[in-house]
Amino acid sequence: MSSFSSLMPTGARTMLSICRPPLRQGSMAAPLFSGYQQIRGKASAPQKTKKFKDKGKKDEKKKKGPKNFEQIDLTQMEQFSLCDAMRYIRAFEVGQDPTSAKYEVHIRLKSKRDGPVIRNMIRFPHSVQTESRICVICPPNSRIAKEALAAGAVLVGEEEVFEMVKSGRIEFDRCLCHPDSVDAMNKAGLGRILGPRGLMPNAKMGTIVEDVAARVEDLRGGTVYRERDAVIRLAIGQLAFSPEQLRDNLRVTIDQVKKDASAITDKFTKEIYEVVLSSTHGPGLSLTGDFNSDTSPEPAALTGA
C-alpha cells in the first residue's frame with residue numbers, strides 16, 4: 001500500500017518536503033530539552049539539610065563534675081594511733097637532717113567544690129617554727145618601725161624593702177604592712193612578685209594591721225594555714241617532739257579548724273573527715289584518734305632527734 005505522500009502530486013510533495021523541519025541530532029528539540037533539564041536541575045537540587053549536633057557531645061558539655069570533693073572509704077584503709085604513726089614516720093626520717101624534718105598534718109574535709117575556703121593563723125602551745133623572718137612595710141624611722149624591730153622583725157621600711165623584693169632578694173618568711181604604707185606598696189607593684197609566694201600583705205589574712213608589733217609577736221610563734229582542694233596542710237611539730245607535745249599541737253589544730261568550719265555560712269557546711277600525719281620525707285598515715293595502742297612503744301622512745 002502506497003503512502004499518503006505518494007498519492008499527492010509532485011509539486012505538492014515538493015512543497016511539503018520544504019516546509020517539514022528536519023528531525024535529527026542538533027535540531028531545535030535539543031535546546032528545548034537541554035533548557036528543561038537545567039531548570040529541572042535547579043528545582044530538584046538537594047536542599048541543604050540542617051546539621052544536628054551530636055547529642056552525646058552536647059550532654060557531655062552539660063555534665064559537670066561532682067559537687068563535693070570525693071573522699072576515700074576509711075573502712076578500707078589501715079589506720080594508726082598517734083604513737084604508732086610516729087614510730088613508722090621516724091623510721092623514714094633516719095639519716096635526714098633532724099633540724100629540717102618536721103611532722104605535718106593533713107586534715108581532709110567534707111566540702112563542696114564551689115564555696116568559701118578556710119584560712120587562718122594558729123598559735124601552737126609548742127612552737128614549731130625554729131626561726132621566722134618577718135618583714136614589715138611601714139614608714140621608715142617611725143615609731144611603728146621601732147616597735148616592729150623590737151618585737152623581732154628582721155626588715156622594716158618602704159623603699160628599702162621594695163628595692164630588695166624587685167631585685168629578687170626575698171629574705172623573709174612573712175610580710176606585714178601598716179595601713180599608712182598600703183598605697184606605697186601597691187604603687188611599687190609587689191603583688192606580682194610576692195603574690196605567687198603567698199607573701200603579699202592582705203587585710204583578709206590579717207597581714208595589714210595597725211598594731212604591727214603585736215602581730216609580729218603572734219606570727220613568730222604561729223602558723224598560717226589555708227584550705228586547698230578540701231585539705232588543710234601545715235607543719236605541726238619538730239621531729240624531736242615527744243608524743244605528748246605533738247598531741248597537744250594536734251588537738252589545738254583540730255579545735256581551731258572546727259571553729260573555722262562552724263563560722264562558715266549555713267549554705268556551705270564543712271566537717272573534718274580524716275586526719276593524716278606525715279613528715280617532710282615520710283609517708284602519710286591515717287590516724288584513728290587514739291594516742292597509742294597495745295603494741296605502741298613507750299613515748300620516751302619516740303622523743304628526741
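The legends below describe close-up views of a predicted model.

Local features are described where pLDDT is at least 70 and side-chain atom pairs where it is 80 or more, whereas totals for chains, interfaces and linings use all residues. Residues are numbered from 1 along each chain as its sequence is written, and side-chain values use heavy atoms, with hydrogens and water left out.

**View 1. The six-stranded antiparallel sheet.** Six strands form an open sheet with antiparallel pairing, in the order β2-β6-β7-β1-β8-β9; strands (E, at least two residues) and helices (H or I, at least four) are DSSP runs numbered from the N terminus, and two strands pair if DSSP finds at least two bridges between them. The edges are taken by β2 (119–123) and β9, each of which has a single partner strand, so one side of each is left without a neighbour in the sheet. Strands of a sheet pair through backbone hydrogen bonds, either parallel or antiparallel.

**View 2. Strand β7 and its two partners.** Seven bridges link β1 to strand β7 (residues 231–238) in the antiparallel sense, with Arg108 opposite Val231 and Ile107 opposite Ile232. The antiparallel pairing of β6 with β7 rests on two bridges, and here Glu227 stands opposite Ile232 in β7. β6 and β7 form a hairpin with two residues between them, and Asp229 in the turn has a positive phi of about 55 degrees.

**View 3. Helix α4 against the sheet.** Helix α4 (residues 82–92) has as its buried residues Leu82, Cys83, Asp84, Ala85, Met86, Ile89 and Arg90, where buried means under 20% relative accessible area, exposed over 50% and partly exposed in between, with a 1.4 Å probe and protein chains only. Their cover includes β1 (102–110), α10 (243–262), β8 (271–279) and β9 (285–286). In the segment after β9 lies Asp290, which is partly exposed, with a relative accessible area of 47%. Although Asp290 and Leu82 are 208 residues apart in sequence, their C-alpha atoms are 6.4 Å apart in space. Leaving aside neighbours within four places in sequence, Asp290 is in contact (heavy atoms within 4.5 Å) with Ser81 and Leu82.

**View 4. The pairing of helices α5 and α9.** Helix α5 (residues 143–151) packs with helix α9 (residues 212–220) at an angle of about 20 degrees, their axes lying 8 Å apart; axes are lines fitted to C-alpha atoms, for helices over the stretch in contact, and angles run from 0 to 180 degrees between N-to-C directions. The two helices are therefore roughly parallel to each other, given that angles under 35 degrees count as roughly parallel, over 145 as roughly antiparallel, 65 to 115 as roughly perpendicular and the rest as oblique. From α5, Ile144, Glu147, Ala148 and Ala151 meet Val212, Ala213, Val216, Glu217 and Arg220 in α9. Helix α9 also lies across β2 and β6 (222–228), running at about 75 degrees to β2.

**View 5. The three-stranded parallel sheet.** Strand β3 (residues 134–137) is joined to β4 by three bridges, and Ile137 stands opposite Gly157 in β4.
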